[in-house]
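Here is a short report on one protein model.

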Amino acid sequence: MDYPGKFNNDNKENSEIFKDKVVINQPSGNIEFVNTKDSESVSFNHKNGSFVKLDKFGSDVLTTRDSREHIMGDSLISINGGKTEIVDENLTTVVLGDTNTTIGDANKWKKPMEEIKKSQREIHDVKRLFELRRVSKKDPLDQAPNQTKSGVHALCPTEKNQAKILLTEEPTTVVLEKNSMPRTKLISIQDNVDVYNTVVGAGDRRCLTCWGKLFSPSSQDGAWATESEKQKIVEKREAVQKKIHEYEKQLGQNKHPNGGTDIRIVAKNFIENIGLVFNDFESFRKDPHGKLVPCGVKIDPLGTTIYTQYRDTSLVESVDVEKFPGGSYQLNICDGWTVTVGSNGIEFKTSGPLNLFGSIVNLVGEQVNIGSRGDLGLDGERVDITGEVISIRPKKASRELETGGQTEEEQQVLIDGNLNVNLNAVVRGGLHVEGELTTHHITAPCEYQITETDFVWGNQIPGLRDSSMPTECDEDFAKSVTHATLLPNLRIGYVLIPEIGLLDVYSYQTENFAHVDPHRHYFKNVPLKLFQASSESEVTVPALGSPFPGMPSAHDAVRAIGSRNNWTNPVLPQPVQNSKTENTVLNKFGGGFCSPLTLTKENWAGTESESDSLPIGEGVRTQSSTSAKIAEIKREIDSYLNSKYAELQEAMSKQENSSC
């Protein structure tokens, strides 16, 4: 159709179109020139079918066998459109130098990407706000820049924390019953029925949950103002989206096919940078006092109750992070993935959440360390912790209360359920048991104890009293002598009859004839102290300041002494000051009487415990693991985490700049 005249294959007359075609034929192939108007082309054809054709639409190349190209200098290929490569077999690329691949117009797109990030930051800072204004900004990493606090804390939960306590003041009742014999009364001991009462927590300055502030240390359940800015997020998103749309117009779009196998051998380093702007939006928000959790069981220092202690911990919530137009990397592997890395290890760093999931997950190493700035949770149908040495060591720490002030040093492990020990248990400090204590045997040092003055009392004789009792004691303790009854037919002495001599005297049974001097019996027992009734007392708690007068019952006295276990130092078996009183069932040998019970700071913690020495070394429970040293290590860990985060941002910034 490109030949004029009779050689034209076109059956129509097209005399107005210039037509011309020239062909040079040789045994090896031919060269074809088409000069027809608007269809000009040049073709180089080989006899085996390979050809190169140039026309106004571009070029066509057909290589029927192999294609080889050797360039002695540099090569530059500029493609204004798209490029598609289809390889039926293998693709091998050998680069002796470096390889730099840039996808997208990084120089042109960097600025609009930064503006998109800046615009999305406005929405993100609003999304990070808590719906309730429960916390003020404390850390730019943990809270939104405009986060403020408005409202009040809930009341201390301990105030409503109910518990059952034993209320009966006297375990037994002593009744003096009339004897059939004159002037005598016999003791009758009648067991009382135990009475229990439902009590609430201290709810005052003795409370170890609120430390006397009367409000919960946590923002949980408080009455907080609603964050009004959260209601404007839709309008703000619309405004921001209009700005983003203008920047997105400046971005291009790239599509590329997937498939086949990609094998790369890199002699040195392989660095991929995906995206132009690093998305370091905070993916969480944190209220350092946002949760209220049980942390221990405490005894009111005055002994009036025992309650669950609560404390505040961090509340960490996820925050939705806006996606950028670029910067995502998704890897889909249909079968398995194996990574083998040398001795410099693997390091994953992300400013967002990290999720690991598998049907069976195994973490194995010579040493495995797991840490968290907030909660650390373990959950499962069965949690098995096995090791040659297992240590649970809570930190000794004081904390600043959200409601103001600072707590004393605390340290506790809470078993929020039954504790079963299959073998043996050793308690170095004190032990308080609020419920029933049962045991099959007790082995303890011997202690001599003393009974009450009399077992059977006669009638009161004015002016006759037990001389061992101080005059300031209650008259109930002024007992008369104990009368006795003679046994019959016993020789009880002699009678002197003048001129006859001594004659034996035998008894004739006479009730209430003789009397026995007031006396006590000493006997061996385990070291103990038993409270019988209310007693005058004074209690000074080291953490709470001034003394608390009054101790209404024996149970309260027991709890007051047991409350020494609230504190961090081991409670040594030291005697309670002025504890040998007539208000106990059994008085210890050699003690005074009628003195008030006084519990002072020294009763709460033994001085010997504070000076316990630790071995030299770097391990746990050594001189390098004191509370001060642990706090120092924690500061170092926090500093390390912050430096790693800064290092991550710096590394991504360098990659962004290098890609441009």
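## Salt bridges

This predicted model holds 25 salt bridges. Four residues are linked in a network of such bridges: Arg 121, Asp 125, Arg 128 and Glu 282.

Start inside helix α1. Asp 125 and Arg 121 both lie in this helix, four residues apart, or about one turn. They form a salt bridge, and their closest N and O atoms are 3.1 Å apart. Asp 125 counts as buried because its relative accessibility is 18%, under the 20% cut-off. Arg 121 has 24% relative accessibility, so this residue counts as partly exposed.

## Links across the sequence

Arg 121 also meets the side chain of Glu 282 in a salt bridge, at 2.8 Å from N to O. Glu 282 lies in the loop between α2 (233-248) and β12, while Arg 121 is in helix α1, so this pair ties together parts that are 161 residues apart in sequence. With a relative accessibility of 13%, Glu 282 counts as buried.

Which residue forms a salt bridge with Glu 282 at a closest N to O distance of 3.5 Å? That partner is Arg 128. Arg 128 sits in the loop between α1 and β6 (151-152), and Glu 282 in the loop between α2 and β12, so the bridge ties together parts 154 residues apart in sequence. Arg 128 and Glu 282 are both buried.

His 124 belongs to helix α1, which covers residues 106-127. Is His 124 buried or exposed? At 0% relative accessibility, His 124 counts as buried.

What does His 124 contact, leaving aside neighbours within four places in sequence? Its contacts are Phe 281, Glu 282, Val 319, Asp 320 and Val 321.

Strand β12 (residues 284-299) runs antiparallel to β13, and 12 bridges join the two. Asp 287 has Leu 315 in β13 as its bridge partner.

The hairpin of β12 and β13 has six residues between the strands. In this hairpin, Gly 303 takes a positive phi near 80 degrees.

With a relative accessible area of 6%, Thr 407 is buried. Beyond residues up to four places away in sequence, Thr 407 touches Trp 211, Ser 398, Arg 399 and Leu 401. The C-alpha atoms of Thr 407 and Leu 208 are separated by 8.4 Å, yet these residues are 199 apart along the chain.

The other is Ile 333, in the loop that connects β13 (306-318) to β14 (447-450). Its relative accessibility is 39%, so Ile 333 counts as partly exposed. Ile 333 is part of a nonpolar surface patch. The patch also contains Ile 274, Tyr 329, Leu 331, Trp 337, Val 339, Val 341, Ile 346 and Phe 348. Together, the patch residues have about 990 Å² of accessible area.

## Overall architecture

The secondary structure comes to six helices and 24 strands. The protein has 660 residues, of which 27% count as buried.

Taking contacts between residues at least 6 apart in sequence, 66% join residues at least 24 apart.

## Confidence

The protein averages a pLDDT of 75, and 70% of the residues score at least 70. Which elements have the highest and lowest mean pLDDT? Strand β3 (residues 41-46) has the highest, at 94. Strand β23 (residues 587-588) has the lowest, at 36.

Over residues 575-596 the pLDDT is below 50, and this stretch has 66 contacts in the model beyond near neighbours in sequence. Residues 603-611 also fall below 50, with 28 contacts beyond near neighbours in sequence.

Definitions and conventions. Residues are numbered from 1 along each chain as its sequence is written. Side-chain values use heavy atoms; hydrogens and water are left out. Patches are made of residues with over 30% relative accessible area and no salt bridge: like charges are joined within 9 Å, nonpolar side chains (Val, Leu, Ile, Met, Phe, Trp, Tyr) within 5 Å. Accessible areas come from the Shrake-Rupley method with a 1.4 Å probe; for residues, only the protein chains shown count as cover. Buried means under 20% relative accessible area, exposed over 50%, partly exposed in between (1.4 Å probe, protein chains only). Contact means heavy atoms within 4.5 Å. pLDDT is the predictor's confidence in each residue, from 0 to 100. Two strands pair if DSSP finds at least two bridges between them.
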